[in-house]
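I opened my notebook for this one and jotted down what I looked up, entry by entry. Come along and check each note against the view.

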Amino acid sequence: MRRFLARRLAHGAAVIFIAASLSFLLVHLAPGDPFSATLDSASISPSVKAGWRAAYGLDRPLLEQYVRFLGQLARGDLGPSLLQPGPASAALADAVPNTLVLMGTALVLTFIIGIGVGSWQAARVGSRADRVVGNASLIVASLPEFWLAAVFLLLFVYRFRVFPAAGVVDLVMHDSLSFTGRVIDRLRHLALPALTLGLLGSASIARYQRAALLDVLPQDFIRTARAKGVTDRFVLWRHALRNALVPTIVLAGLSLPTLLGGAVFVEQVFSWPGLGRLAAAAFHARDYQVVIGATIMGAVLVVAGGILADLLHAVVDPRVRAQ
Amino acid sequence: MRESIGPRISVLVACALALAACDSGATKSDDASAVGGSIIIAMQNEPRSLLPPLINQIDEKIVEDQIFEPLAWLGDEGHLDRDYRPGLADSWSWERDSTAIVFHLNPKARWQDGPPVRASDVRFTFGLYTDSIVGFKDRSSLARIDSVTARDSVTAVFWFKNRYPEQFYDAATRLLIVPEHLLAREPRATLLTSALGRQPVGSGRFRLGKWTPNASIELVADTANYHGRPNLDRVVFAVTTDQTALRTRLTTGEIDLAEVSTPAMFRTLKDQPDLRARMNPAYDYSFLLFNTRKPKQRQQPNALFADIGLRRAISMGIDRAKLVRSQFDSLAVVSTGPMTRAQPLADSTIVTIAYDSSGAARLLDSLGWTLPAGKTVRERRGQPLKFSVLVPTVSANRMTMIVVIQESLRKLGVEVTVDAVDGNTFVGRLGARDFDVVFHGMHVEPSVSGLRASWTVASARAANGLNFGNYENPRFDAHLDSALAARDLASARPHAKQAFETIVADAPAVWIYETRTATLMHKRIRPVHLVSTAWWAGLADWSIPAAERLPRDRVGLRVASR
């Protein structure tokens, strides 16, 4: 197991290195630079911009910049953000916790809703309800994140005024609330972005879960359980589901990159100050170090998701553990 | 007679303003019922830095104007030559020959970290703004100020190279005074990323409370401010980039104030019972700029657009009134030249090139651009009349409008291809003058001095000049120089009119639209000093009546953690 883990970590480090190098190369090859990013900056003379480039070392050959970047990276330093005071890592440190909270909550919702709906469908396979829910989940899985987010905004905020529209907390009231009030305030702000991401993810999980259960339900041990007089509900939830969960649980790790991709759009709509929103703004402004840092964070999530999926697979499936 | 007018008026204005200042100072914070409340303002883009010389966008300006102060504020009416209220300076006077203005700083003025504001801070600020390495984007507007000296600790003197109508405006309002004791040791080449940009210390009536990256900036009342504490406890700027979220937040009251520039949103929100709308004057205009020289080769004339007749014909072929109405409804008007109607020297009587498609066709025929039988594109000596228009994809308005323009010109036998590029590429190609035609936009100030940087011969020939279309007409330059050198606006106006008439007749661009924005704010807010150029200028004196306050208005002042 240790050797397996070490091998996966080594692979992961290589993936992260390649991702960092590629993002360095691509973002530097993209047109413009941090000082030509906004239309307004057309009124700042090129000589001033040239001065800035020299001050931040952007006038050096790309290879030299790359070597310097690798040196910084080896020390765990991404370098300074070129568009805001402080190191790029500080900007990422502000954003990452918000994204992790959003993704974590969405992941939990994804699996609770997905497994629940998939199992419910499997229990009544072929029925009209199964077909309706199956088609509905297909439609939901096909929706773009930003569209569903906008619909939720119009429905739950504009129309019914149940949740706040944006942000992580109430901008004025939060610090004045009691501890319980602050927790509730956070949960209210988290509800719609997490529900958007969670619902979209759960539609796919439901389809996987239904298929996995339909594979398990005809097997001998289920027939034996039924023959022993166990109720259908008990068979489904205690015997069939435990065995059908293996492929679904593995998906938990693999869902992380998808969730991160979705978070970019959802964070924009709900003004959620997370990694996706930061990355989009940084790319627009060509803040090289922040873009590269966000890419590295994305790569870390992909790698971590893959390792997590393998570990979960080993935990829930004794055959894998034995191998 | 001419010698004495400026100083006399200035002394009278200074006395009146000093009295007004005393009066307003007495009433500002004495009315306890006016004190309290929180306003949340939507912000499209998060500022990079809050150091005034680095200002790059309007959102930064709105926040900085609360933390820092100029020597004087432009008055509510926005008259550049006479309408000011005290800022850091409580009075001012002109030297006898009008080439120097003496500002007397309020002796009670203090920086938010304690030390008093000194004349040396003003001198330092001028040095910072005019240092080319810092990159103040309107540095050319300060070119006619020769120097700033500190006569004593509270007297700063601005020395000018020559007299001109906007001397006071340039000196008093363009510089937000910054603390020398904090910024003197900062390396200027990397000021853009100085930590002080996120921990600004000014002398304004609000100070920075909390900056939550990518989310909000909270300003809190500086209760010890020498002008008196602001009426509001706090102003929060909430970063809201998504338009649906902005509309929803305004409707539900999560946000109290937003500047709206899209007609659809304005129509939806202007009749909301809780909101009041205010139209702002336009200071942005957009135009199709012709490159009169070959792209990237300034020495050679452009094969098409060196010809003034062709430029005029294309202008005549576009129905700008219809185009602007369909795109913007009431939030824009047809542009009349390199100016907006809100500028004091703008002249709405200038005759512009009117839409006349058949006249345009006749003009093209007379220029030799004829339509061969069976073809859809005009030709002259075998050369088809076709060109590309550079458009930034970040501007949804321009992206939509260019398609309509393309169709209008197609009917005229002109083939236009759209060269849509992202913002970075757009700026790069604009600077390199690598285009035939570009759909460009500009932001202007009340002063027309910015025309020098964008439309004169010198700026066309300068390696780093901003006259991207290479437009050159010495007659325009001469009239503009005369307008800018005139002693007052009345005598500047005829010269400005002739300058505008010259450039409009030369058609270096098709002047398409000037956009207005609308400020939508919650009705419980009682705004004052809604200056035509800056609705936010008097934010510290805005109030919320006690009876109309929401729960968030009653939170009161708490110590904000940075």
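Predicted model: local features only at pLDDT ≥ 70, side-chain atom pairs only at ≥ 80, totals over all residues.

Is Arg229(B) buried or exposed? Arg229(B) counts as buried, because its relative accessibility is 16% and the cut-off for buried is under 20%.

**Entry: salt bridges within a chain.** I then followed the Arg229(B) side chain to its partner, Asp233(B), and found a salt bridge at 2.8 Å, N to O. Asp233(B) is buried as well, with a relative accessible area of 5%. Searching the whole structure, I got 30 salt bridges over all chains.

**Entry: where the chains meet.** I counted 56 residues from chain B and 51 residues from chain A in the contact. Together the two chains bury about 4400 Å², and carbon and sulfur atoms give 59% of that area. On the chain B side, Arg48(B), Asn214(B) and Asn424(B) lose the most area to chain A, together 15% of what that side buries. I found two salt bridges across this interface. I also recorded the salt bridge between Asp175(A) and Lys210(B), at 3.1 Å, N to O.

**Entry: a hairpin in chain B.** I traced β8(B), residues 206-212, and β9(B), residues 216-221, which pair in the antiparallel sense over six bridges. Phe206(B) stands opposite Ala221(B). Three residues separate the two strands of this hairpin, and Asn214(B) in the turn has a positive phi of about 70 degrees.

**Entry: Thr149(B).** I located Thr149(B) in strand β6 of chain B, residues 145-152. With 32% relative accessibility, Thr149(B) counts as partly exposed. Leaving out residues up to four places away in sequence, I listed its contacts as Arg123(B), Thr155(B), Ala156(B), Val157(B) and Trp159(B).

**Entry: a surface patch on chain A.** I marked a nonpolar patch on the surface formed by Phe17(A), Ile18(A), Leu22(A) and Leu26(A), with about 400 Å² of accessible area together. Leu26(A) is in helix α1 of chain A, residues 2-29, and counts as exposed because its relative accessibility is 57%.

Conventions: Residues numbered from 1 in each chain as written. Chains lettered and ligands numbered in written order. Heavy atoms only, no water. Patch = residues over 30% accessible without salt bridge, like charges linked within 9 Å, V, L, I, M, F, W, Y side chains within 5 Å. Areas by Shrake-Rupley, 256 points an atom, 1.4 Å probe, with all protein chains shown as cover. Salt bridge = Lys/Arg side-chain N within 4 Å of Asp/Glu carboxyl O. Helix = DSSP H or I, 4+ residues; strand = E, 2+ residues; numbered from the N terminus. Buried < 20%, exposed > 50% of the residue type's maximum accessible area, 1.4 Å probe, protein only. Pairing = 2+ DSSP bridges. Contact = heavy atoms within 4.5 Å. Buried area = accessible area lost by both parts, 1.4 Å probe.
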